[in-house]
Structures are given as structure tokens and as C-alpha cells.
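Subject: Structure handover

Hello,

Here is the structure we spoke about. Please open it next to this note and follow along.

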Amino acid sequence: RISGSVRNLQEGLGGRAWNFAANASYQANSTLTLEGNVSWRKSGDWLVWRGGDIGANGAVPDLFARYRRTQLTTNFNANWIPSPKHELRLKLQSLIINASDARAVRLGPGGVPYASNDVIAPLQVRNLGVQLRYKYEFAPLRELYVVYARGGFEQERDEAPSLGELFQESFDLRDSDQFLLKVR
């Protein structure tokens, strides 16, 4: 089964965003299923809070950034159940954001936004999570889980390479490697 969608959304302080999504699922047989989806979003006015603190006298208004943003989100799941007592699952998720051309905005009286001279750096985000899980039922309602999970997150404020390069580099992220054994 394959499906897709195209959306045009309001974003930021009056900008528009295009979102393209594709989903695919395949059930090879009763024991093996594969699912994946990809979403790509392009926006000219992505609004992000960057800091500030409105005190009692309102001295420091909140700072926002308006970015041109490209975002790629991917998900993949594979499930294999070779027998009633064995199960193997693989999950992969990633999020890539490349935001540039930052324009600073502050809030004035009554919450009205106004352009500011604050300097805001570009922003790029890479996030990846992978999990491989094996489950074995060794007796009724008694199970052994063996799980390997790996994840990584990186946020930079720098000019970024292409979205494809950022996606490829996300597989090098390794903030967390976990191996877990659980008996239930």
C-alpha cells in the first residue's frame, strides 16, 4: 500500500509552508511487515522562540527568529514474527532541519511583533534513533527481551550543507548506545 499527501499550511507570522509526505507499507506474509514514511517541509517563515524574559516592567521582550526552513522526517519499521514465540522488530526515526536567513522579531505592546536588529545565527538540527528488539516467550506470559538502542542529537548554529548531506551525517550521531536485557 502506498499513499501520499501534499499540504499548503499557514506558518509563522503570515508565511506559507509546503509539506509533501509519502507512506508505504508492505506485508510480505503473516510474519513480515515493512512500513516507512518520509515527510519533506519547505517554509519561508518558520517562527522559533529564541529567548527573553518579560519582567514586571516589560524591559526585555521575548526574541523570536523567522527562518527559511527545510525539514526532512523519516520513519521505518520492520516486524518479523518467525514463530509464535519469537519476534524481531527494527525501528529507525530521523529528523533533519536546515533553517537559514534568520530575521529577528520582538514583541511590542499588545503582543504586536516588530523587526529587531538582533543577530540570529542559522540553525541546523540532526536527530536519529534506532532500536532493534528481540522478544522470546519462554513460557506462557513469561518473556525475554533483548534490545539495542542507539540515538543521537546535534544542533548547530552554522551554515549547513544540503539536506541530503545532513541526513547522511545523521547516521554518524551516537550520543547514546544502550543494550538492555529484560525478563517479564
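Two strands pair if DSSP finds at least two bridges between them. Strands (E, at least two residues) are DSSP runs, numbered from the N terminus. This is a predicted model, where local features need pLDDT of at least 70, side-chain atom pairs count only at pLDDT 80 or more, and totals for chains, interfaces and linings use all residues. Residues are numbered from 1 along each chain as its sequence is written, and side-chain values use heavy atoms, with hydrogens and water left out.

Strand pairing
Strand E5 (residues 86-107) runs antiparallel to strand E7 (residues 123-139), and 14 bridges join them. Gln93 has Gly129 as its bridge partner in E7. E5 also runs antiparallel to strand E6 (residues 113-115), with three bridges. There, Val105 is bridged to Ala115. The E5 and E6 hairpin has five residues between the strands, and Gly110 takes a positive phi near 75 degrees in it.

Ser94
Ser94 is in strand E5. Its relative accessibility is 4%, so Ser94 counts as buried (under 20% relative accessible area; exposed is over 50%, partly exposed in between; 1.4 Å probe, protein chains only). The side chains of Ser94 and Thr74 make a polar contact of 2.4 Å. That term means a pair of N or O atoms within 3.5 Å; within protein, one must be able to donate a hydrogen and the other to accept it, and residues adjacent in sequence count only if both atoms are side-chain atoms.

The core
The largest nonpolar core has 11 residues, among them Trp46, Leu63, Ile97 and Val125. Such a core is a set of buried Ala, Val, Leu, Ile, Met, Phe, Trp, Tyr and Cys residues joined through side-chain atoms within 4.5 Å. Strand E3 (32-53), strand E4 (60-83), E5 and E7 each supply at least two residues of this core.

Aromatic rings
Rings of Phe, Tyr and Trp (its six-membered ring) pair if their centres lie within 6.5 Å; planes under 30 degrees apart count as stacked, over 60 as edge-to-face and the rest as tilted. The count is three aromatic pairs. Trp18 and Phe20 are stacked, at 6.2 Å centre to centre and 15 degrees between the planes. Phe20 and Trp40 have ring centres 5.6 Å apart and planes at 35 degrees, so this pair is tilted. Phe20 lies in strand E2 (residues 15-29) and Trp40 in strand E3, 20 residues apart. Ring pairs link Trp18, Phe20 and Trp40 into a cluster.

Best wishes

Notes: Helix = DSSP H or I, 4+ residues; strand = E, 2+ residues; numbered from the N terminus.
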